[in-house]
Amino acid sequence: QYSPVYDCEIFITNQILFSVRIEVVIDAVPVAKIDWFCNGELIKPNEKYDISDEANTGVLSIHDVQHNDAGTYILSAKNDCGQITFEVPINVKGKW
């Protein structure tokens, strides 16, 4: 048994619709519970956010990214042996 550790990749998945996909691979025994936060608020899946944690990978997809989506996105992975957090600052630049 051991506490979670991570590896991260960030993708701009669709530049026309301005979507972002953050993938964080979590290695933990037992399997970690994954939660996502934005600026301290728990993110729940809806039309704006897709969340999955299949195959030891925490995935957050942000759709139709706008200026107000800028902020610090945090993945929290926790199991009985410990907890880690991983912060991803997202800056939104450009003209709409």
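Colleague: What share of the contacts in the protein chain with a separation of 6 or more comes from residues 24 or more positions apart?

Modeller: A contact means heavy atoms within 4.5 Å. Here, residues 24 or more positions apart account for 53% of those contacts. Keep in mind that this is a predicted model, where local features need pLDDT of at least 70, side-chain atom pairs count only at pLDDT 80 or more, and totals for chains, interfaces and linings use all residues. Residues are numbered from 1 along each chain as its sequence is written, and side-chain values use heavy atoms, leaving out hydrogens and water.

Colleague: How many helices and strands does the protein chain have?

Modeller: Both are DSSP runs numbered from the N terminus: helices are H or I with at least four residues, strands are E with at least two. This chain has zero helices and eight strands.

Colleague: And how do I read a sheet? Which strands form the open one?

Modeller: Strands of a sheet pair through backbone hydrogen bonds, either parallel or antiparallel. Two strands pair if DSSP finds at least two bridges between them. In this model, four strands make an open sheet in the order 4-3-7-8, with antiparallel pairing. Strand 4 (41-42) and strand 8 (82-90) are the edges, each pairing on one side only. Nine bridges link strand 7 (residues 71-79) to strand 8; among them, Gly71 partners Ile90.

Colleague: Where is the cis peptide bond?

Modeller: Most residues other than glycine have a negative phi, and most peptide bonds are trans. The cis one joins Val29 and Pro30, with omega about 0°. Pro30 sits in the loop between strand 2 (19-29) and strand 3 (33-38).
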